[in-house]
Amino acid sequence: MITVKELTKKYARTTAVDHVSFEVQKGQIVGFLGPNGAGKTTTMRMLTCFLPPTSGAATVAGFDVLEQPLEVKKRIGYLPETPPLYPEMETSEYLKFVGKLKGLSGADLNTRVDYVCDRCAVSDVKTKLLGKLSKGYRQRVGLAQAIIHNPDVLILDEPTAGLDPKQINETRDLIKSLAGDHTIILSTHILPEVEQTCQQVIIINRGKLVATDSVQNLQARARGAESVLVEIAGRNGSLDLSVVQKRLEQIRGISRVEYKTSHANRNVFEIESQKGFVRGDLARAVVEAGWDLNELRPAAMSLEEIFLQLTGAEAAPAELAAKGAD
Amino acid sequence: MRNILTIWRKEMRSYFVSPIAYLLLTMFALIFGFFFWNALGYFVMMGMESQMRGQTFPMNLNEEVIRPLLSNASVIGLFFIPMITMRLFAEEKRTGTIELLVTSPIRDTEIIIGKWLAALTLYATMLLFTALNFAFLFKYGNPDWKPLAIGYLGLLLQAGGLLAIGTFISTLTKNQIIAGAATFGVCLLLWVLEWVSGYETAAWAKVLAYMSVITHFESFAKGVLDLKDAIFYLTLIFVGLFFTSRSMESLRWRS
């Protein structure tokens, strides 16, 4: 549905997007991930024909963004970072205006306006001025305008930025429910969002493509060796950590045992094994030694760790700061 | 065409839901009304004087009231044009709605013409108030309507050119005040350029005077439709809108 080849955007002094290539299949939700200033918005703006690329090519639904921008624009719904709302317009009036811009008219236009209002849960603010809407509603009206002409491709730039947790969940569910009919690219710097909503991830950093894969593959790839976390407690409260460590290291297949934390009297060990599936042996060993096994879980790497690993340590502080701000 | 109309409607609506349109219309009506009252007062006084002296040379409403008033309207217009055009693009750039327009399947020229036509429509609405004043002349006197119609055509053409320049300037900034101030400066300059012809007759002075929007209005005020002057204004409109479309294009390269 979307093909991007060696896409590059240079500004006077900086290169915002540097030879990025990827493909998106029909009906997929793709997460476009990267720290602030990585080039997400610039890439999206090139896909929506807002910015022309310096070099390289991008096609949407088979149409080139430079050669046939009008055809591309007809097939794209776009929600910029700040929803493009006119504060002096009422919701339904605004959606009608956008619908007309996108080529709808007559009865068709009215049914689409009703449909998107219903779909995006903004029916109850239809006659309110956009300038008076709360952030959550503004975002949903923004989504409603993006899908008004039933586009093949939806491009959403940080659709959940600035929303409260409840609104974030609602917006994510809404986006997921749209996936069947539309191909969706959404950009974000919030990792759980990608884990929860997307099937595929494209990670860029400083304008360069770092990784593109499915969420599961990416996790598997970064994980490498199997590792599990176990929380162990002594029967009568006391526990000799070095004894525990020794006992655990004796289990067959385990390559490394690391004591993690003991805050709030919880003793957590991270255990790495080369061959996987040591959890049974591990559990038995702990119980037979007379200790309590409070927790045993696979230490799946979160996308966050993958992300930091892929984008390098330098990006870490900025990314954490950005997450903190959310 | 349909897209132009969509943009035009949206612009008209935002003029008339905000106080902008009402403020401009009220101020224009007040100021022009004052000019009209003065012109008429002077005309009546002259009439009485000539009667007292027993002179009976004919007094002409078209020559002595309508013509100077049309010139006045054109100058008052210069002050109002920046206020009409300053928000056209600057506002959209500031709020980010320009992204919606530019990523919609319509052409830049349709956006520009729609916006410019809306600005011209608001200006024409202001002129309606002058027509109200002139209506009194028709009720109590018998001026010729044809020179008046040509005068209005001239006003619209002149405003069209200046509004096109204002539209262009509005694409250059996100700040409405800057757009308004710059447009006002350019309008004022295009007005006073004509003054050099008062003391200088060299070729450069003629060129400067030719560039002045006021020079070309004189024939319209007289009620004469001079093709040369009409073409000057049409060129101004075309150049202004052309620069606007170039600027919109470059907006994408720069932003």
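Visitor: Which residue of β8(A) is the bridge partner of A:Asp157?
Guide: Happy to start there, with a predicted model in which local features need pLDDT of at least 70, side-chain atom pairs count only at pLDDT 80 or more, and totals for chains, interfaces and linings use all residues. Residues are numbered from 1 along each chain as its sequence is written, while chains are lettered from A and ligands numbered from 1 in the order in which they are written. Strands here are DSSP runs of E with at least two residues, helices are runs of H or I with at least four, and both are numbered from the N terminus; two strands pair if DSSP finds at least two bridges between them. β7(A) and β8(A) (residues 183–188) pair in the parallel sense over five bridges, and in β8(A) the partner of A:Asp157 is A:Ser187.

Visitor: What handedness does the β-α-β unit of β7(A), α6 and β8(A) have?
Guide: A crossover is right-handed if, with the strands pointing away from the viewer, the path from the first strand over the helix to the second runs clockwise. With helix α6 (residues 165–178) of chain A between β7(A) and β8(A), the unit is right-handed.

Visitor: Which residue of β7(A) is the bridge partner of A:Tyr78?
Guide: Strand β6 (residues 76–79) of chain A runs parallel to β7(A), and four bridges join them. The partner of A:Tyr78 in β7(A) is A:Ile155.

Visitor: How many residues of strand β7 of chain A are buried?
Guide: A residue is buried if 20 or more other C-beta atoms, placed from the backbone, lie within 10 Å of its own. On one side A:Val153, A:Ile155 and A:Asp157 are buried, and on the other A:Leu154 and A:Leu156. β7(A) (residues 153–157) is therefore largely enclosed by the rest of the structure, and its buried count is five of the five.

Visitor: Why do β2 and β5 of chain A each have one side without a neighbour in the sheet?
Guide: They belong to an open, antiparallel sheet of four strands in the order β2-β1-β4-β5 (chain A). β2 (15–24) and β5 (63–64) of chain A stand at the edges, so each has a single partner strand.

Visitor: Which element gives the most to the side of chain B that touches chain A?
Guide: Taking contact as C-beta atoms, placed from the backbone, within 7 Å, 15 residues of chain B are in contact with 21 residues of chain A. α1 (2–17) and α5 (98–102) of chain B each supply at least two residues of that side. With four residues, the element that gives the most is α1(B).

Technical notes: Contact = placed C-beta atoms within 7 Å. Buried ≥ 20, exposed ≤ 12 C-beta atoms within 10 Å, placed from the backbone.
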